[in-house]
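Subject: Structure handover

Hello,

Here is the structure you will be working with. Please open it alongside this message; my notes on what was found follow below.

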Amino acid sequence: MKKTVIDESTRKILFILEISGAVFVSVCAIVLHFLYDISGNAIWAAVFSAVNESIWEHIKIFTIPYVLWGLVELCWVRVPFKRFLSAKVISLYFLLLTIPIFYYTYTFLIGRNIPAVDISSGFVFTAITFVISYKMIVYAPYIQKYYKPSVILLVIYYLMIGYFTFIPPKLELFRDPVTNTYGLPL
C-alpha cells in the first residue's frame, strides 16, 4: 500500500468529496450548457455558462464548477493549503487540455463529431480529473513545490475565461460550428 501524506480520516472524507465533486461538476455542466439561453442572454450568465457551441465554451462549463467544488472541499478537509491548491490547479489544467485534445483527435480520425461521445467524454475526463487531484493530494509529498506556479496558472485561467468569452481569438477552439461565429452571439 502506498504511503499517504495526510491522515486516514481526512483521506476518507476527501475520497467522498471527490466522488461527490465529479457528480456535482457533471450536473452543473448540463445546467451551464443551457443557462445563458435560459437567462435571456444575460451578461452575468455569459461568464459562467456556454454562450455558443464552441469547444472553449464546453471546456468552461466543466472547469468553472470544478473550481467551485474545490472551494467546497477546502471548507471540509484539513489538508495543507499549498498542497491542495497545487493539486487542484494541476488537475484543472488536465481537464482544460484533455477535452479539446480528445475532441480534435477523434473528430480528425473519424471525420465528424458524435454528440454522445462529446458529452460522455466531458463526464469521463471530469472523473479522471478528480482521481488525479485526489492522488496528488493524498500521495504526492512534493506537490506543494508547485504552489507559486499554480497560483499564476489559476489567475491566467480566470483571465482567459473572462476575456475569451467576450473577445475570443479567431481560432478553431473558439468557433461555434453551428453559427460559424466566435464568442457572444450578436
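**Aromatic rings**

Phe-102, Tyr-103, Tyr-104, Tyr-106 and Phe-125 are linked into a cluster by ring pairs. Please keep in mind that this is a predicted model. Across the whole structure, a search finds 15 aromatic pairs. One of them joins Phe-81 and Tyr-147 edge-to-face, with 6.0 Å centre to centre and 70° between the planes. Phe-81 belongs to helix 4 (residues 81–110) and Tyr-147 to helix 6 (residues 147–166), so this pair ties together parts that are 66 residues apart in sequence. Phe-81 is partly exposed, at a relative accessible area of 39%.

Tyr-103 counts as buried, with 17% relative accessibility, whereas Tyr-104, at 28%, counts as partly exposed.

**The largest pocket**

The volume of the largest pocket is about 590 Å³. Its lining is made up of 26 residues, and those nearest the centre are His-33, Glu-53, His-58, Asp-118 and Ile-119. Sorted by class, the lining has 15 nonpolar, seven polar and four charged residues.

Which helices supply at least two residues of this lining? They are helix 1 (8–38), helix 3 (55–76), helix 4 and helix 5 (115–139). Helix 5 contributes the most, with six residues.

**Salt bridges**

There are five salt bridges in the structure. In one, the side chains of Glu-57 and Lys-60 meet at 2.8 Å, N to O. These two residues are three apart in helix 3, which means that about one helical turn separates them. Both Lys-60 and Glu-57 are buried.

Another salt bridge brings together the side chains of Glu-73 and Lys-88, at 2.6 Å, N to O. Glu-73 lies in helix 3 and Lys-88 in helix 4, so the bridge ties together parts that are 15 residues apart in sequence. Are these two partners buried or exposed? Glu-73 is buried, at 0% relative accessibility, and Lys-88 is buried as well, with a relative accessible area of 7%. Salt bridges with shared partners join Glu-73 and Lys-88 with Glu-18 in one network.

A further salt bridge is formed by the side chains of Arg-175 and Glu-172, at 2.8 Å, N to O. Here Glu-172 is partly exposed, with a relative accessible area of 42%.

Regards

Note on methods. Residues numbered from 1 in each chain as written. Predicted model: local features only at pLDDT ≥ 70, side-chain atom pairs only at ≥ 80, totals over all residues. Heavy atoms only, no water. Phe/Tyr/Trp six-rings, centres within 6.5 Å; stacked < 30°, edge-to-face > 60°. Helix = DSSP H or I, 4+ residues; strand = E, 2+ residues; numbered from the N terminus. Buried < 20%, exposed > 50% of the residue type's maximum accessible area, 1.4 Å probe, protein only. 1 Å grid on protein atoms, 1.4 Å probe; cavity = no way out; pocket = protein on both sides within 12 Å on 5 of 7 lines; lining within 4 Å. Points joined across faces, edges and corners; volume = space filled by probe spheres on them. Nonpolar A, V, L, I, M, F, W, Y, C, P; charged D, E, K, R; others polar. Salt bridge = Lys/Arg side-chain N within 4 Å of Asp/Glu carboxyl O.
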